[in-house]
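Here is a short briefing on one protein chain. Please keep the sequence and the 3D view open while reading.

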Amino acid sequence: MPIKLENIGIAVRDLDATIAFFTDLGLTVLGRDTVSGDWTDTAVGLDGNHANIAMLETPDGTGRLELFEYIHPDAIETEPTQPNEIGMHRVAFSVDDLDLALEIAARHGCHPLRGVATYGDIYKLTYLRGPSGIIVMLAEELSKS
């Protein structure tokens, strides 16, 4: 059976701020909507599900993020995820210029968790805490072919 990754869904505290962060990094908003009703209750598994959503896409068209800002039920605030916690905890992007990407992230108050590292002679990379506590990995390929 063929399988294809459709998107990664992330619940966020502030949809507009999160969209601004990811579009400044280069993603494009494909669309926005407000969803509710029986079909969302069934699909998501929450009674009274009501959310503002946005679909964003990477410039190469291969990666999508679906962002959700819950209206009902109330969003549940938790402690920010740590890199070693079981479960989904980060979204990773390749960038052409890590220094520029970090300047953009800094304008949104987002900075590396510790610093920038080099993985062999392959990648320069870092984890940063993005909007709503999302861990974002940014990686620049060093030996571009």
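Helix 1 buries L15, T18, I19, F21 and F22. Seen down the axis of helix 1, these buried residues fall within an arc of 160 degrees, so they line one face of the helix. The model is predicted.

**Ends of helix 1**
- D14 caps the N-terminal end of helix 1. A side-chain oxygen of D14 lies 3.2 Å from the backbone nitrogen of D16.
- Just after helix 1 comes G26, with a positive phi of about 125 degrees.

**Aromatic pairs**
- The structure holds three aromatic pairs.
- The ring centres of F21 and F22 are 5.0 Å apart, and their planes stand at 75 degrees, so this pair is edge-to-face. The cut-off for edge-to-face is over 60 degrees.
- F21 and F22 are both buried.
- F68 and Y70 also form an aromatic pair, and this one is stacked. Their centres are 6.3 Å apart, with 15 degrees between the planes.
- Y70 counts as partly exposed, at 23% relative accessibility. Buried would need a value under 20%.
- F21, F22 and F93 form one aromatic cluster. Two of its members, F21 and F22, are among the buried residues of helix 1, while F93 sits on the covered face of strand 5.

- Strand 5 spans residues 90-94.
- Its covered face holds V91 and F93. R90, A92 and S94 make up the uncovered face.
- In a regular strand the side chains alternate between the two faces of the sheet.
- Strand 5 and strand 8 run parallel and are joined by five bridges.
- Opposite F93 stands L138, in strand 8.

**Helix 3**
- Helix 3 covers residues 98-107. Its buried residues are L98, A101, L102, I104 and A105.
- Down the axis of helix 3, the buried residues fall within an arc of 160 degrees, so they line one face of the helix.
- What do the buried residues of helix 3 pack against? They pack against helix 1 (15-24), strand 7 (123-129) and strand 8.
- At the start of helix 3, D97 reaches the backbone nitrogen of D99. A side-chain oxygen of D97 comes to within 3.1 Å of that nitrogen.
- G109 follows helix 3 and has a positive phi, near 75 degrees.

**E140**
- Where is E140 placed? It is in strand 8, residues 135-141.
- Is E140 buried or exposed? E140 is buried, because its relative accessible area is 12%, and the cut-off for buried is under 20%.
- The side chain of E140 reaches the backbone nitrogen of L98 at 2.8 Å. L98 is itself one of the buried residues of helix 3.
- Leaving aside neighbours within four places in sequence, E140 is in contact with V95, D96, D97, L98, I122, Y123 and K124. One of these, D97, also supplies the side-chain oxygen at the start of helix 3.

**Two exposed residues**
- T78 is in the loop between strand 4 (64-72) and strand 5.
- T78 is exposed, because its relative accessible area is 60%. Exposed means over 50%.
- T78 and T18 are 60 residues apart along the chain, and their C-alpha atoms are separated by 17 Å. T18 is one of the buried residues of helix 1.
- Y119 is found in strand 6, residues 117-119.
- Y119 is exposed too, with a relative accessible area of 53%.
- The C-alpha atoms of Y119 and N84 are separated by 19 Å. Along the chain, Y119 and N84 are 35 residues apart.

**The whole chain**
- The chain has three helices and eight strands. Along the sequence the pattern is β-α-β-α-β-β-β-α-β-β-β.
- Taken along the principal axes, the C-alpha atoms fill a box of roughly 50 × 35 × 30 Å.
- The chain has 145 residues, and 33% of them are buried.
- Consider the contacts with a separation of 6 or more: residues 24 or more positions apart account for 53% of them.
- The chain exposes about 9,200 Å². Carbon and sulfur atoms supply 52% of that area.

Conventions:
Residues numbered from 1 in each chain as written. Predicted model: local features only at pLDDT ≥ 70, side-chain atom pairs only at ≥ 80, totals over all residues. Heavy atoms only, no water. Helix = DSSP H or I, 4+ residues; strand = E, 2+ residues; numbered from the N terminus. Buried < 20%, exposed > 50% of the residue type's maximum accessible area, 1.4 Å probe, protein only. Polar contact = N/O pair within 3.5 Å; in protein donor to acceptor, adjacent residues only side chain to side chain. Contact = heavy atoms within 4.5 Å. Arc of directions from axis to C-beta. Phe/Tyr/Trp six-rings, centres within 6.5 Å; stacked < 30°, edge-to-face > 60°. Areas by Shrake-Rupley, 256 points an atom, 1.4 Å probe, with all protein chains shown as cover. Pairing = 2+ DSSP bridges.
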